Amino acid sequence: MRVVTMVCILGVAIFLCAGASNQDGWKKIENSSFSFSIPSSFRKTGARGEDSFVEEYVTERIKLSFDYGWYSNNFEDWPKDTKFEGLKVNGKDARIGTVAHAFHKGFPYSTQIHIKLDGGMALSMFAACKSEEEVALARKIFKTISFNAK
């Protein structure tokens, strides 16, 4: 009888936890090197990289992409009026740049995080945004980045 009770309690706990993660409207994107979370409204496109690991997730108001590899964008080609901020993400030094500049037509705001990793690798996550509201959302996404233990 105790086993049945424990199984029922465990089942309810799992159900409640699953419901809670869906309630907040975000989903976790995982791969072999890192993970991050995005709102459930984002859809994955077919974007791919040639010399690095690239994916893109979009809505009508934001285009979010990442480039994980040797040649990730490190802001060299960004405008001089870019505002930079240093921070830690998952214990790693990171740099966020934000600028009112349309790298993608129709998306007048841009923000990116660049994280240098061991062995010359880096992760850049870029967001082309319709407004400052999406810039704030992108920054929230950036802070969910978590690297897998090696």
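# Close-up views of the cores, sheets and aromatic pairs

**View 1. The nonpolar cores.** Of the 27 residues in the largest nonpolar core, those touching the most other members are Phe36, Leu64, Ile113, Ile115, Met125 and Ile145. At least two residues of this core come from each of strand S2 (34-39), S5, strand S6 (83-89), strand S7 (92-99), strand S8 (109-116), strand S9 (122-129) and helix H2 (132-142). A second, separate core has 6 residues, among them Phe75, Trp78, Phe107 and Phe126. A nonpolar core is a set of buried Ala, Val, Leu, Ile, Met, Phe, Trp, Tyr and Cys residues joined through side-chain atoms within 4.5 Å; buried means under 20% relative accessible area, exposed over 50%, and partly exposed in between (1.4 Å probe, protein chains only). Helices (H or I, at least four residues) and strands (E, at least two) are DSSP runs, numbered from the N terminus. The model is predicted: local features need pLDDT of at least 70 and side-chain atom pairs count only at pLDDT 80 or more, while totals for chains, interfaces and linings use all residues. Residues are numbered from 1 along each chain as its sequence is written, and side-chain values use heavy atoms, with hydrogens and water left out.

**View 2. Surroundings of Ile145.** Leaving aside residues up to four places away in sequence, Ile145 touches Ser35, Phe36, Val89, Asn90, Ile113, Ile115, Leu123 and Met125. Contact means heavy atoms within 4.5 Å.

**View 3. The sheet of 7 strands.** This open sheet has the order S3-S4-S5-S9-S8-S7-S6, with antiparallel pairing; two strands pair if DSSP finds at least two bridges between them. S3 and S6 are the edge strands, each with a single partner, so one side of each has no neighbour in the sheet. Antiparallel S6 and S7 are paired over 7 bridges, and Val89 stands opposite Lys92 in S7. H2 packs on the sheet, touching S5, S6, S7, S8 and S9, and its direction makes about 15 degrees with that of S8. Axes are lines fitted to C-alpha atoms, for helices over the stretch in contact, and angles run from 0 to 180 degrees between N-to-C directions.

**View 4. Strand S4 and its partners.** Strand S4 (residues 53-58) has 5 of its 6 residues buried, so the rest of the structure largely encloses it. Strand S3 (residues 43-44) pairs with S4 in the antiparallel sense over 2 bridges, and Tyr57 in S4 is the bridge partner of Lys44. S4 is also joined to antiparallel strand S5 (residues 62-69) by 6 bridges, with Phe53 opposite Tyr68 in S5. S4 and S5 form a hairpin with 3 residues between them.

**View 5. The sheet of 3 strands.** The order in this open, antiparallel sheet is S1-S2-S10. S1 and S2 pair over 5 bridges, and Glu30 stands opposite Ser35 in S2. H2 packs on this sheet as well, touching S1 and S2, and its direction makes about 150 degrees with that of S2.

**View 6. Aromatic residues around Phe34.** Phe34, Phe36, Phe53, Tyr57, Phe66, Tyr68 and Phe147 form one aromatic cluster. Rings of Phe, Tyr and Trp (its six-membered ring) pair if their centres lie within 6.5 Å; planes under 30 degrees apart count as stacked, over 60 as edge-to-face and the rest as tilted. The count by this rule is 12 aromatic pairs. The ring centres of Phe34 and Tyr68 are 5.5 Å apart and the planes are at 45 degrees, so this pair is tilted. Both Phe34 and Tyr68 are buried. Phe34 also forms a tilted pair with Phe147, at 6.1 Å centre to centre and 50 degrees between the planes.
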